[in-house]
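Visitor: I am new to this structure. Please show it to me, and then I will ask about a few places in it.

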Amino acid sequence: MAQTHSLPPLPYAYDALEPVISKQIMELHHQKHHQTYINNLNNALSAHVSATKSNDVPALISLQQKIKFNGGGHINHSLFWKNLTPPGTPGNELASAAPSLRDAINSRWGSQDAFTKAFNAELLAIQGSGWGWLVSKGGPKGRLDITTTKDQDPVASSDVPVFGVDMWEHAYYLQYLNNKAGYVDGIWKVINWAEAEKRYTAGVENPVKL
């Protein structure tokens, strides 16, 4: 029998990220979208156990994409909720909450403003659905890089996802409509730099451990 994953609670209230992200979006995103990835992942893992027992190789092959997509959705969203924080909270200030990461960003891009512009450009260049990430290459305290992943693909296992931004339409459309740039500009007001500092300096524990 496969072990089952469950929906992690948000570390803040559904309306805590307003006015940047509305309560309605957060409720739908967390309770519906994330929960659906978990349900589909649990079903795929259960089917994988059955296919393994019966040595059904074609079934095992067909299940790989479902596990990748829904498992990635579970991983990415579990990271996403934690790398956000209500606007105006101490964790939202890069200089005070993330001194090591601030220095690394300034060393890599020259300034926080230059980094933000580069990150925004990558987010807005995503075609279709995907994620934008700040990653530490090869592990904690590595070279910083901006990368994107398609659909629900997670960050490469060798790299640390310092923080990610969900660029699927369900993350912003009810509030921002076609103004994707408005969502991208606003997201910086709710980035949890304290969490980003922790990931940059110490890595990330398995975000979906049972």
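Visitor: In which helix is the place of H77?

Guide: This is a predicted model. In that model, the helix that holds H77 covers residues 57-82. The name of that helix is α2.

Visitor: Is H77 buried or exposed?

Guide: A residue counts as buried under 20% relative accessible area and as exposed over 50%. The relative accessibility of H77 is 0%, so H77 counts as buried.

Visitor: Which residue has its backbone oxygen 2.7 Å from a polar atom of the H77 side chain?

Guide: A polar contact is a pair of N or O atoms within 3.5 Å. Here the distance is 2.7 Å, and the backbone oxygen belongs to G73.

Visitor: Which residues does UniProt list for "binding site"?

Guide: The record is an unreviewed entry. Under "binding site", UniProt lists H29, H77, D166 and H170. They are spread over 142 residues of sequence but cluster in space, with a largest C-alpha distance of 12.3 Å. Of the listed residues, H29 touches several others beyond four places away in sequence, including H77, D166 and H170.

Visitor: Is N55 buried or exposed?

Guide: N55 lies in the loop between α1 and α2. Its phi is near 55°, a positive value in a residue other than glycine. With exposed meaning over 50%, the relative accessibility of 58% is why N55 counts as exposed.

Visitor: What is the omega of the peptide bond that joins E18 and P19?

Guide: P19 is found in the segment before α1. The bond between E18 and P19 is cis, and omega is about 5°.

Terms used:
Residues numbered from 1 in each chain as written. Predicted model: local features only at pLDDT ≥ 70, side-chain atom pairs only at ≥ 80, totals over all residues. Heavy atoms only, no water. UniProt positions renumbered as here; feature names shortened; annotations may be inferred. Contact = heavy atoms within 4.5 Å. Helix = DSSP H or I, 4+ residues; strand = E, 2+ residues; numbered from the N terminus. Buried < 20%, exposed > 50% of the residue type's maximum accessible area, 1.4 Å probe, protein only. Polar contact = N/O pair within 3.5 Å; in protein donor to acceptor, adjacent residues only side chain to side chain.
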